[in-house]
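User: I'm new to this one and would like a close look at a single part of it. Could you take me through it in plain words?

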Amino acid sequence: MKHFKLFALLLLAPLFTLAQLDLSYQTPHDNIKSLADASMPPGISINNDGTKALLLYRDQYKTIAELSETELRLGGLRINPVTNISSRARYSTNLELFDPKNKTTSKIANMPANPSIANTSWSPKQNYIAFTNTTATGVELWVIDYATKSAKKLTDANLNANIGGAMTWMPDESGLLIQTLPNNRPKLIDTSVNIPKGPTISVNEAGQKAQNRTYQDLLQNKADETNFETLVTSEIYKVDLSGTTTLWKTAGMYSGMSFSPDGNYILVSEIKKPFSYIVPYSRFPTTYTVYNLNAKPVKVVTEVPLIEELPQGFMATRTGIRNIGWRNDQAATLYWVEALDGGDPETDVAFRDEVFQLKAPFNEEKSSLAKTKLRYAGITWGTDQVAVLYERWWNTRTSRTLFFNPSNANETPQLFVERNYQDTYSDPGNFVTMRNDYDQSVLEFSKSNTVMLMGDGYTPDGKLPFIDEYNLKSKSKKRLYQSKDGDLLEDLVNMIDVKKGDVLVRLESATQFPNYYMRNIKTNKLEQITDFNNPFKALQAVHKEVITYKRDDGLELSGTLYLPVGYDKDKKEKMPMIMWAYPREYKDRSSAAQVTSSSKEFTYPYYGSPIYWVNRGYVVLDDAAFPIIGEGEEQPNDSFVKQLVGNAKAAIDAVDAMGYIDRNRVAVGGHSYGAFMTANLLSHSDLFAAGIARSGAYNRTLTPFGFQSEERNYWEAPEVYNTMSPFMNAHNMKTPLLLIHGEADNNSGTYPMQSERYFNALKGLGAPVRLVMLPKESHGYAAKESIMHMLWEQDQWLETYVKNRVIE
């Protein structure tokens, strides 16, 4: 490895030499801050027929004060016990109505003052919009009447949104079912002063295998169990649009409510005991019961036990009834799935799953709808004779889409397509749906026996979205529309009117913010609906292109290249570069080589983006392709490090050959698995001057039952785990590395200890390393103070170890 010395500002020197620093939150250079602090256009929610829209305004970031509010972490949930909603909820601060036809915006009368808005929900016929408003003491329910452009508060601050949105619309729009705090709710146990009565003991005396991922925020003791039960227990009320409430169901740990399409029945899921200390609440015992409108139980559909043990593998599932729902095309028919292989992907069977149905009044035997050769992956309902069935198998990256007859289980389903789902170029698109008389989404038929598909249209020539017509009898396709390769990038959002040919689309370019348009595919008329402005004017003239290049083994790779603001391509001054990436696993080379980036995508420097640094004199290679491939019996991770280094070298070689960079001043960075990638690259190559690794996992023995796309456990593949672990190779790492991690990371496997222990190992072995722990932050960062400081840290690191690096 080459020796080098660093010329850094004297002001910065202490920041990188002391063991610990007492440092307040910093803000980055103005060239970065001006972009990170830009005011963003509102979000928009457009109804199904394109006639109504809601604009949602929100602050780009939370504050550290908001993140510092009381938080309990129980059973995989993060709850604010004062307000009874997720402590990590992101709020809108204002709503406005927008008329897509007249392009006019209307203020909404009687809105709450200084609102914190979440859980916005259009009513079934889309005449109203419900939302929650979080106050200092709790969560209120409000409803907007679109016709009168006015809002009304329906409840006090007594909703229980700790385990979801706390509400569901009645199909006739007369009101909602809501979950509220029980009147006799007990006080929470203060675990900070609670005196233990004994140890916490977990057992496995029967010797079952429970190979679970390393979940976060789990229950840990009896006090946690009691508090979890208190916080998720609700009463269910009916509330009409005048605000009159009626008790519908007494207290229980309700986790879901769903009306039948005709509105005569409600499927309710209720959590039961015993709880678990090794899996989150989604795997606690749960009972699914159908009730009538008077809250009388009609049918207990299933009582799911505690799921702590599952067979090994990503395609493993539990036995018994799962994936319960209502058929969208019928008044009140339940359907569900049951495993035919015991939930074990290693079992060799002709069919993996079977789909069943049960019609109201639910007193007959279940009937079979279809069987799947692979694992069930969903249904798009259509008519009594036609529906679409989806199957999937992760190990081979295979997906199958079939048409089946819901009225005749003996009729062999008709295969529409079987494909490698990572083969983006072969994606046939998604079936176009419409809203039926029950206001549910079902297949739309453009004519008899003919359905439609809308697809992204990724091709070797770029992204060219399309609309196809498919005849079920002749099995023939007809292309009705395909985007042209012009200056703007098009996305097909929604089919508004099949007969007229109206399609809601979104158009953007590198410098034009995404805006919505109505396109008529018959006349090709294009009418603009929204007119949002680009908030990042400083990047307006930045050169951006998608480059392609080859790995040493001939594999085609790609990345999005940005040149610095004001860069003169004719002079070709050699600049420092930042490469940002995230590895992805594939089972075939062809899919791994496909390009899905476009130079016409809007240039959006979100909080974790490296694009800010084009405004600081850096070349940026963003979203550099880092495929890890394992064909046949070979698994991708069997040669992870070799492929990782090969990807990085190919990218640097490509940009270097273009004459833009000084290859001795290249940094690499990534978040989560991208951080894991970064640490490995610095451990196994001398390609980089420095690295930035955010919220990563570095010791794979701490995730022994699988990680990312690795389903083998540590004891089955110890060499793979050890070779891939930067912690195990810390003695090889001499390149400056900036580690950043949220102190409250809740992502499976990337708990904060991963960065803390890796830092200690690197420090102990003399590597130049800096660890920044962001208080209160989770896996993704939310507070403005944290994000500005993160950008400052990254900028200081790059300026010191990359831009000002001089080779001796």
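User: Which residue forms a salt bridge with Arg400, and how far apart are the closest N and O atoms?

Analyst: Arg400 pairs with Glu418, and their closest N and O atoms are 3.0 Å apart. Before going on, a word on where this comes from: this is a predicted model, where local features need pLDDT of at least 70, side-chain atom pairs count only at pLDDT 80 or more, and totals for chains, interfaces and linings use all residues. Residues are numbered from 1 along each chain as its sequence is written, and side-chain values use heavy atoms, with hydrogens and water left out.

Now, the pair itself. A salt bridge here is a side-chain nitrogen of Lys or Arg within 4 Å of a carboxyl oxygen of Asp or Glu. Side chains of opposite charge can pair when their charged atoms come close. Arg400 sits in strand β27 (residues 398-404) and Glu418 in strand β28 (residues 414-420), so the bridge ties together parts that are 18 residues apart in sequence. Strands (E, at least two residues) and helices (H or I, at least four) are DSSP runs, numbered from the N terminus. Arg400 is buried, at 10% relative accessibility, while Glu418 is partly exposed at 47%. Those words have cut-offs: buried is under 20% relative accessible area, exposed is over 50%, and partly exposed is in between, with a 1.4 Å probe and protein chains only.

Lys447 belongs to strand β32 (residues 445-447) and Glu469 to strand β36 (residues 466-471), so here the parts tied together are 22 residues apart in sequence.

An α-helix has 3.6 residues a turn, so residues three or four places apart point the same way. Glu225 is buried, with a relative accessible area of 14%, whereas Lys222 is exposed at 61%.

Some charged residues go beyond pairs: Arg322, Asp341, Arg352, Asp353 and Arg375 are linked in a network of salt bridges. By the same rule, the count comes to 38 salt bridges.

Stepping back, where does all this sit? The protein chain has nine helices and 52 strands. Buried residues make up 56% of its 808 residues. Its C-alpha atoms fill a box of roughly 80 × 75 × 60 Å along the principal axes.

There is also a greasy side to the picture. The largest nonpolar core has 60 residues, and Leu621 and Phe688 have the most contacts inside it. Such a core is a set of buried Ala, Val, Leu, Ile, Met, Phe, Trp, Tyr and Cys residues joined through side-chain atoms within 4.5 Å. Helix α5 (residues 640-657) gives this core its largest share, nine residues. Leaving aside residues up to four places away in sequence, Phe688 touches several others, including Met579, Ile652 and Leu682; contact means heavy atoms within 4.5 Å. Leu682 is also one of the buried residues of α6, a helix in which eleven of twelve residues are buried.
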